[in-house]
Amino acid sequence: MKHYLKYAFLIFTLILAACGGAKKDEVTTKKDLLKEKKKAMDQLKAEILILEKEISKLDPTFVSENVNVRLVTTLDVNSGSFASFQEVQGTVESDNNVVLSSETNGIVRTIAVSEGQYVGAGQLLVSQDSQVLLNNIEEVKKALELAEVRYNRQKNLWDQKIGTEFQYLETKNNMERLQKQLNTLKSQVNMSNTTAPFAGYVDEIYIKRGQNAGPGTELLRLVSLSQVNVVAEVSEAYLTKVKRGDMVKVHFASIDVEQEAPITLVGQTINPDNRTFRIEIRVNNPNGLIKPDLLATVKIKEEDKPSVIVVPTDLIQDDTIGDFVFIVDKQDNKMVARKIRVARGETYNNQTIIKEGLKGGEKLINKGFRDVVDGSLIEIEGEDKQKVAKK
């Protein structure tokens with residue numbers, strides 16, 4: 001019974017595999033057939049156009065009665081500038097994004113701010129209990145007063161050559177020790193008050209009033225986003241092309257914001273894992289929309305050509321011979337589509353340089369460019385066709 005089930009399962013698996021293979025073969029066959037049909041349709045369009053031309057020579061009324069005029073739109077072909085960019089991904093960092101921690105031990109007595117509040121540099125944020133320190137300060141002050149009196153008396157005696165040098169130095173050392181101790185205690189009292197090191201927003205508060213905070217205890221996060229840094233990794237292939245001060249474009253897709261800013265830092269080491277070096281771009285952020293860890297695209301200029309022929313990339317077609325576009329031409333006082341062979345140059349952002357084939361001044365067929373063949377009668381949408389034909 002077990003052997004029977006085993007063979008049955010094997011046969012079922014083979015049947016499924018055969019069905020899957022047959023289904024795959026069917027899809028491939030249909031795709032090949034579609035390619036053949038499209039090729040045949042293009043050939044048929046060309047043959048129809050030839051026949052229409054031959055008939056129109058023999059019968060002038062044929063064109064107006066039978067030939068469909070293609071409605072198209074056009075773009076003027078002019079010489080202009082072309083810029084291409086190398087795009088790398090970056091993230092936003094902020095130098096002024098810090099977590100402030102307690103520097104001393106004590107109960108939190110006052111939290112002088114709230115989350116989301118804007119604070120100025122030096123403003124009090126959190127204060128901890130410092131009563132013990134204040135009591136110690138009072139004791140040291142009293143001891144210091146007595147030590148100063150003893151020192152002054154001993155100094156007067158020593159100036160008169162009365163007493164020993166040891167007595168003089170002992171009272172002086174005692175006074176100076178107490179002065180240092182007092183200064184230390186005052187510094188510790190100051191440490192119990194946490195102030196803002198820079199102007200910014202209180203992003204998060206981590207402690208509560210009455211909580212004991214020791215050295216290193218996180219109190220709150222302070223963030224200033226008036227300026228942020230965009231950090232990106234660039235391929236080592238661009239090491240000689242990227243310099244501090246070069247202008248780049250920084251695009252934040254999530255908030256649809258783009259800025260142009262200079263590179264403020266170029267890393268001096270290569271990451272051996274991905275062969276890249278680090279760059280930073282400081283970006284202004286007056287409205288605070290750009291947040292830390294936001295993704296950005298950094299566009300580094302590669303090419304900048306001031307006077308070239310540029311056309312939309314998707315208007316360039318190809319066949320077995322090469323690339324071509326359709327322009328508006330005049331034939332027998334009528335507007336027709338004319339197939340022009342072109343040589344491509346650099347491409348960026350759906351814009352391509354045309355190195356050969358177009359000189360400028362042509363009208364490039366835009367909308368409807370796939371519905372015409374060489375010699376198709378056309379009409380330009382929104383224009384007087386007779387006026388255009390006379391040009």
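I started at Glu 93, which stands opposite Asn 229 in β12. β3 and β12 run antiparallel, joined by 4 bridges. I count strands as pairing if DSSP finds at least two bridges between them. Helices (H or I, at least four residues) and strands (E, at least two) are DSSP runs, numbered from the N terminus. Next I followed β12 to β15: 9 bridges, again antiparallel. Glu 233 faces Arg 278 of β15 there, standing opposite it.

**Ground rules**

I am working on a predicted model, so I keep in mind that local features need pLDDT of at least 70 and side-chain atom pairs count only at pLDDT 80 or more, while totals for chains, interfaces and linings use all residues. Residues are numbered from 1 along each chain as its sequence is written, and side-chain values use heavy atoms, with hydrogens and water left out.

**Cores**

Which residues have the most contacts inside the largest nonpolar core? I find Val 230, Phe 252, Ile 279, Ile 281 and Val 298, in a core of 25 residues. A nonpolar core here is a set of buried Ala, Val, Leu, Ile, Met, Phe, Trp, Tyr and Cys residues joined through side-chain atoms within 4.5 Å. Buried means under 20% relative accessible area, exposed over 50%, partly exposed in between (1.4 Å probe, protein chains only).

At least two residues of this core come from each of β3 (79-93), β12 (227-235), β13 (247-252), β14 (257-266), β15 (276-284) and β16 (295-312). I looked up Ile 279: leaving out residues up to four places away in sequence, Ile 279 touches, among others, Val 230, Val 234, Ile 263, Leu 265 and Val 298. Contact means heavy atoms within 4.5 Å.

Another core of 23 residues lies apart from the largest one, and includes Val 72, Val 325, Ile 365 and Ile 380.

**Whole protein**

I get 5 helices and 23 strands. Of the 391 residues, 32% count as buried. Among contacts with a separation of 6 or more, 72% link residues 24 or more positions apart.

**An open sheet**

I then traced 4 strands in an open, antiparallel sheet, in the order β8-β7-β5-β10. β8 (193-195) and β10 (212-213) are the edges; each has a single partner strand, so one side of each is left without a neighbour in the sheet. β7 (residues 124-128) holds on to β8 through 3 bridges, and Val 126 stands opposite Thr 194 in β8.

**Two hairpins**

I noted Lys 330 opposite Met 335. This hairpin has 2 residues between its strands, and Asp 332 in the turn has a positive phi of about 55 degrees.

**The largest pocket**

How much space lies in the largest pocket? I get about 840 Å³. On a 1 Å grid over the protein atoms alone, a pocket is an open set of points where a 1.4 Å probe fits, with protein on both sides within 12 Å along at least five of seven lines; lining residues have an atom within 4 Å of a point. Of the 23 lining residues, Asp 42, Asp 318, Asp 319, Phe 324 and Lys 339 are the closest to the centre. α1 (2-58), β17 and β18 each give two or more residues to the lining, and α1 has the largest share, 9 residues.

Conventions:
Points joined across faces, edges and corners; volume = space filled by probe spheres on them.
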